[in-house]
Amino acid sequence: MCGIVGFTGTRPASPILIEGLKRLEYRGYDSAGVAVEEGSRIQVVCRTGKISTLEQSLAQFSLTGPCGIGHTRWATHGTPSEVNAHPHLSCDGKIAIVHNGIIENHEELRRILEGRGHTFTSQTDSEVIVHLIEDAYSMLAFDSSEEDDLADAEGARRPHTPTSELAAGKPSLLAQAVSMACGFLIGSWAICVMTEYEPGKIVCARKESPLVIGRGAAGVHVASDVAALADLVGEVAVLADGQIAELAPHGFVVFGSHDDELIRVRPETMKLSGRSDTADRGQYADFMLKEIYEQPRVIRDTLEGRFDGGELTIEELGLTHEELNLIDRVYLIACGTSYHASLVAKNLIEGWARIPCEVEVASEFRYRNPIVTPSTLVVAVSQSGETADTLAAIRDARIKGAKVFGITNVLGSPVARESDGVIYTKANKEVAVASTKSFTGQLVSLTLLAMLLAQSKGRLKQGQMRLLFRELASTAAQAEQILKDTERVHQAALASKDAKSAMFIGRGMGAAVAEEGALKLKEVSYLHAEAYPAGEMKHGPIALIEPGFPVIAVATESPTYEKVLSNIQEAKARGAMVVAVATEGDERISEHADEVIYIPKIRDAFSPITAIIPLQLLARDIALLRGCNIDQPRNLAKSVTVE
Ligand code: M6R
């Protein structure tokens with residue numbers, strides 16, 4: 001979703017901002033803009049569409065100023081347009097802001113501000129912030145000029161420069177004005193602000209939306225995502241909720257708020273690896289394909305070092321065997337693909353550990369009153385680690401006293417920081433909006449968690465654990481084998497590409513795989529797709545089937561294989577074009593399905609890890625045949641940071 005970058009230093013800001021915005025492109029956006037301090041003025045340039053369009057426009061302005069802020073916008077309030085794109089300016093054009101998040105009370109604030117004479121130029125919720133800061137600033141500036149007059153009279157006036165304020169550790173007028181303005185906001189925000197009144201300075205604030213700050217060779221950078229800062233800074237300060245940061249060309253300070261006073265605090269820091277995974281898709285045509293092919297590596301990396309000495313260990317969980325043994329209920333909370341990985345895990349946790357497990361979409365969980373007690377383990381599954389609904393669910397669960405455990409792909413992400421323990425999925429940066437390799441990382445991590453719970457409850461003995469672990473590890477080689485021959489997937493794509501709609505079916509593990517397969521197809525090809533547990537087909541969806549209608553069946557070897565085969569025949573009898581994902585050696589299936597994609601034989605518990613691969617490839621292949629943008633599907637954002 002929206003992305004923020006900012007820079008103040010000794011080099012022209014504009015190219016640095018554009019480079020940062022490009023690194024955030026993968027998050028999804030529909031317009032972009034920058035504000036750069038040019039001489040004594042702030043120059044704003046916004047464009048709809050791609051960053052490259054903004055970059056071309058900027059060439060005509062020849063901006064050289066060393067301080068600026070930039071933004072990619074994913075429209076929530078107001079259409080994607082230049083007027084709604086950030087940065088937004090105050091009425092006098094002297095203050096500029098960029099904002100990520102949602103201001104829930106924006107309508108009320110807009111009414112009040114308009115009543116006070118402010119003129120709005122956009123339909124966004126964000127614009128209220130800059131007008132609030134404008135009011136707060138003029139009030140504080142008035143008070144301060146009175147004080148300065150007094151100090152002048154006493155001969156004690158100090159110079160008003162960003163650097164001297166930073167050194168003194170005192171908040172500037174701008175920082176105070178931002179803090180005051182935030183006091184009126186309800187919702188979530190990460191904001192960066194600059195003003196002509198205080199050249200070379202950027203003030204940042206956050207609540208629920210991330211912001212990180214780092215010192216580089218040419219100045220100080222701020223961004224909403226570390227991806228924008230990789231290679232530029234070695235370490236970042238992670239701004240916490242309620243903190244305000246003030247950036248100047250040679251350093252930055254962070255303030256916390258105590259009794260309405262801004263007091264300097266030491267921020268939490270995080271080292272960066274210095275490697276930017278976003279840049280290179282190598283030999284692959286798109287990132288989605290590259291990421292699909294990375295899955296064998298993800299499986300190996302996620303398993304590495306987990307089963308040394310004959311026992312499964314997940315130290316990051318932060319729970320002893322005794323504490324694990326006390327867990328009597330598990331909630332898996334997630335959205336989208338992460339939700340589908342959780343559906344698989346429910347079967348494993350209940351099957352192996354015999355602990356009741358519920359899987360819930362985060363946006364539902366947060367508004368219910370679920371039964372959560374101190375012996376409940378809440379597992380938040382999120383690739384990005386910054387999904388707003390998942391974060392809200394974590395906070396809610398913690399208030400209720402549950403242990404919260406995160407499974408995420410992003411180091412130091414809010415999910416990681418706000419959970420009691422975390423497993424990193426080792427997928428590395430996922431650029432394509434459609435999740436593929438992170439699904440695999442989640443499946444493997446959740447499988448380990450299920451095994452650990454079963455081990456703690458004494459339900460799985462050491463020998464069984466060893467056997468399971470060995471089989472789990474073998475999925476890496478199987479994934480490689482599947483990826484070597486994709487011809488049958490291509491045939492299935494050719495047979496399905498002109499359909500208006502498709503149905504995915506499966507049972508047990510296969511039902512979760514069907515869900516994920518349907519989501520992939522919808523996301524990247526815009527072909528309508530629904531997933532049903534195969535047994536549900538007769539209860540309604542079968543009415544959709546007509547000659548040529550694609551039914552994609554997950555029919556791998558499992559206790560319900562015969563049932564799935566019957567469902568395939570029911571679909572076939574009504575003219576469906578059936579594509580089946582089946583286990584190598586299954587000859588019966590080819591009598592009933594039009595296209596069969598074979599995968600190697602594997603235990604049912606682990607079959608989702610390999611069965612999903614042909615469906616990921618199928619979705620991408622169909623999308624290519626339909627001429628879609630594979631990595632950045634329309635309307636979608638990689639990180640859903642607002643509700
Ligand atoms: O970062 P998260 O795992 O929390 O994201 C959840 C969903 O937004 C995400 O899985 C989404 O459904 C993907 N586009 C799926 O490909």
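Predicted model: local features only at pLDDT ≥ 70, side-chain atom pairs only at ≥ 80, totals over all residues.
Local features are given where pLDDT is at least 70, side-chain atom pairs count only at pLDDT 80 or more, and totals for chains, interfaces and linings use all residues. Residues are numbered from 1 along each chain as its sequence is written, and side-chain values use heavy atoms, with hydrogens and water left out.

**Where the ligand lies**

- The ligand sits in the second largest pocket, where sitting requires more than half of its atoms to lie within 2 Å of the pocket's grid points.
- A pocket here is an open set of points on a 1 Å grid over the protein atoms alone, where a 1.4 Å probe fits and protein lies on both sides within 12 Å along at least five of seven lines.
- Helix H10 (336-353) and helix H17 (509-525) are the elements that give two or more residues to the shell around the ligand; helices are DSSP runs (H or I) of at least four residues, and strands (E) of at least two, numbered from the N terminus.
- Because domain 2 (280-484) and domain 3 (485-643) both contribute residues to this shell, the ligand lies between them, with domain bounds coming from an automatic or database assignment.

**Contacts with the ligand**

- Among the 15 residues around the ligand (a heavy atom within 4 Å), Ser338, Ser382, Ser384, Thr387 and Glu523 come nearest.
- The ligand taken alone exposes 410 Å², of which the protein buries 92%, by the Shrake-Rupley method with a 1.4 Å probe.

**Backbone features**

- Most residues other than glycine have a negative phi, and most peptide bonds are trans.
- His86 and Pro87 are joined by a cis peptide bond with omega about 0°, and Pro87 is in the loop between strand E4 (67-73) and strand E5 (88-89).
- Ser62, in the loop between helix H2 (51-61) and E4, has a positive phi near 45°.

Methods: 1 Å grid on protein atoms, 1.4 Å probe; cavity = no way out; pocket = protein on both sides within 12 Å on 5 of 7 lines; lining within 4 Å.
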